[in-house]
Amino acid sequence: MNPGNPSNNERSGDRDLYISGLLRQTKSLDLKLKQCDADSIPEMFPQTICDWCKLPIALIEFHRGIEYKPTTYMEAWAMDMKHPIPVYCVRHNGAEHRAGTSFEIECRFCPPRYDNTKEFWFNNEKEFIEWIQNLYQQHLRLRHPFLLS
Ligand SMILES: [Zn+2]
């Protein structure tokens, strides 16, 4: 960990508390999305997990810097899944005590049947949370349609 880097200082353990806090605000049916860390694999990025099947709904790299963030491993992993999920890179300016006003989203891998918009952005947390919630709805529709009927 680089102590001089504010984006690293925001992290407590391996978890980005700001992002965890946003994801806690999503809710579909009675199911909540969870941000989970694989503690046994420190290099593993946190996962955005479906409360029902315990699988990730998307692989998302969150970052605050301006540099290009590769998602090479996430893309390889997503493509090899039995039920592939989208991969996104999200650049944002939020922090634990400062609401985000910029969320730039880039789709790096889009499986069939998912919205394939390449780049889009939001300028408040509410829209960002709605987007994640829609992703979760899409996951529920594709994977657990009986929950929605
Ligand atoms: Zn699920």
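# Close-up views of a predicted model

**View 1. R113 sits in the loop between strand 7 and strand 8 (119–122).** Helices (H or I, at least four residues) and strands (E, at least two) are DSSP runs, numbered from the N terminus. The model is predicted: local features need pLDDT of at least 70, side-chain atom pairs count only at pLDDT 80 or more, and totals for chains, interfaces and linings use all residues. Residue numbers start from 1 along each chain as its sequence is written. R113 has a phi near 80°, a positive value in a residue other than glycine. R113 is exposed, with 10 other C-beta atoms within 10 Å.

**View 2. K54 occupies the loop between strand 4 (47–49) and strand 5.** Its phi is near 65°, positive in a residue other than glycine. K54 is exposed: 10 other C-beta atoms lie within 10 Å.

View 3. The chain holds five helices and eight strands. Their order along the sequence is α-β-β-α-β-β-β-α-β-β-β-α-α. Of the 149 residues, 23% count as buried. Among contacts with a separation of 6 or more, 46% link residues 24 or more positions apart. A contact has C-beta atoms, placed from the backbone, within 7 Å.

**View 4. The largest nonpolar core has 24 residues.** Such a core is a set of buried Ala, Val, Leu, Ile, Met, Phe, Trp, Tyr and Cys residues joined through C-beta atoms within 7 Å. A58, L59 and V87 have the most contacts inside this core. At least two core residues come from each of helix 2 (17–24), strand 5 (56–63), helix 3 (72–79), strand 6 (87–92), strand 7 (103–109) and helix 4 (125–143). Leaving out residues up to four places away in sequence, A58 touches T48, I85, P86, V87, Y88 and L135.

**View 5. Strand 6 pairs with strand 5 and with strand 7.** Two strands pair if DSSP finds at least two bridges between them. Five of the six residues of strand 6 are buried, so the rest of the structure largely encloses this strand. Strands 5 and 6 run parallel, joined by five bridges. H63 stands opposite R91 in strand 6. The chain passes from strand 5 through helix 3 to strand 6 in a right-handed β-α-β crossover. Right-handed means that, with the strands pointing away from the viewer, the path from the first strand over the helix to the second runs clockwise. Strands 6 and 7 run antiparallel, with six bridges between them. C89 has E106 of strand 7 as its bridge partner.

**View 6. Helix 2 buries Y18, I19, L22 and L23.** Down the helix axis, these buried residues of helix 2 fall within an arc of 130°, so they line one face. The arc is that of the directions from the helix axis to the C-beta atoms.

**View 7. T101 lies in the loop between strand 6 and strand 7.** T101 counts as exposed, with 12 C-beta neighbours inside 10 Å. T101 touches N93, N123 and N124, not counting residues up to four places away in sequence. F122 and T101 are 21 residues apart in sequence, and their C-alpha atoms are 7.7 Å apart.

Technical notes
A residue is buried if 20 or more other C-beta atoms lie within 10 Å of its own, exposed if 12 or fewer, and partly exposed in between; C-beta atoms are placed from the backbone. Two residues are in contact if their C-beta atoms, placed from the backbone, lie within 7 Å.
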